[in-house]
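Hello,

Here is the structure I promised to pass on to you. Have a look at it first, and then read on for my notes.

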Amino acid sequence: MPELPEVETSRRGIEPHMVGATILHAVVRNPRLRWPVSHEIHALSDQPVLSVQRRAKYLLLELPHGWIIIHLGMSGSLRVLPGEQPAAKHDHVDLVMSNGKVLRYTDPRRFGAWLWSSDLAGSSVLAHLGPEPLSNEFDGAYLFEKSRGKRTVIKQWLMDNKVVVGVGNIYASESLFTAGILPDRSAMSLSQEEAELLVNTIKAVLLRSIEQGGTTLRDFLQTDGKPGYFAQELQVYGRTGEPCRACGTPIVSGKHGQRSTFWCPRCQH
């Protein structure tokens with residue numbers, strides 16, 4: 001599943017081709033995604049794109065009278081293509097642009113979404129979200145206060161979008177390793193110092209991943225395949241049994257909230 005850095009990479013990749021151009025019309029080949037494609041998107045005509053923004057893992061295209069809200073789901077991707085590029089089997093939505101390009105949405109599993117909102121503050125998919133992890137609102141004092149009385153294990157708790165958005169499975173495991181915190185401790189066990197350290201670590205891990213993603217922006221002009229996003233050297237995620245890069249102890253794994261978790265039993269406490 002694309003996580004926050006991949007979604008931010010997608011935003012940066014499409015922004016220069018969208019902002020200042022006009023959406024001539026939309027081509028919806030398959031409206032049956034996670035939710036039906038909003039009828040306002042079917043009816044788009046001659047709408048300039050004012051900005052391309054991101055909230056959590058949602059991409060937001062600002063138009064004069066509303067917003068297109070895009071979620072990439074489990075397997076979705078966006079590419080900017082020449083207008084004459086033929087569509088393939090899983091190419092479900094096109095935005096045909098005045099600059100001769102097409103923004104094409106591909107999603108084999110169809111768990112993504114294309115929605116419309118005339119008021120983002122009232123959007124049902126955005127209203128419940130917690131702060132952005134890279135914002136000033138997300139700081140040690142906030143995380144410590146939110147953790148009080150919470151018996152949920154830290155890894156699972158960090159992935160709750162009501163606590164903070166965009167800290168998905170990979171980045172929760174990686175951030176907890178870097179902060180030296182065991183993922184199966186209760187959230188309420190965090191000290192003030194640990195909360196401060198964890199916030200700074202989450203910000204650093206996400207920023208590093210976003211910076212790595214910048215090297216793949218050219219992929220958004222490819223005419224075949226999906227954007228490559230970026231290859232990372234992960235510290236613990238997916239490395240069960242392999243030696244910890246810091247101490248050499250074999251990485252172990254388990255399940256928290258039905259999601260796989262990876263950690264070093266020596267480096268994390």
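Let me start with a stretch to treat with care: over residues 221-225 the pLDDT stays under 50, and the model has 11 contacts beyond four places in sequence for these residues. This is a predicted model, and for the chain as a whole the mean pLDDT is 91, with 93% of the residues at 70 or more.

Helix H5 is the element I would show you next. It spans residues 169-179, and because 10 of its 11 residues are buried, it is largely enclosed by the rest of the structure. The buried ones are Asn169, Ile170, Tyr171, Ala172, Ser173, Glu174, Ser175, Leu176, Phe177 and Ala179.

On the aromatic side, the count comes to 3 pairs, taking ring centres within 6.5 Å. One of them joins phenylalanine 138 to tyrosine 142 in an edge-to-face arrangement, with 6.2 Å from centre to centre and 65° between the planes. Phenylalanine 138 and tyrosine 142 are both buried.

Finally, a word on annotation. An unreviewed UniProt entry places the feature "domain: Formamidopyrimidine-DNA glycosylase catalytic" at residues 2-112. In the model, that span is 42% strand and 17% helix, and its end C-alpha atoms lie 11 Å apart.

Best wishes

How values were computed
Residues numbered from 1 in each chain as written. Predicted model: local features only at pLDDT ≥ 70, side-chain atom pairs only at ≥ 80, totals over all residues. Heavy atoms only, no water. Phe/Tyr/Trp six-rings, centres within 6.5 Å; stacked < 30°, edge-to-face > 60°. Buried < 20%, exposed > 50% of the residue type's maximum accessible area, 1.4 Å probe, protein only. Helix = DSSP H or I, 4+ residues; strand = E, 2+ residues; numbered from the N terminus. UniProt positions renumbered as here; feature names shortened; annotations may be inferred. pLDDT = per-residue confidence, 0-100. Contact = heavy atoms within 4.5 Å.
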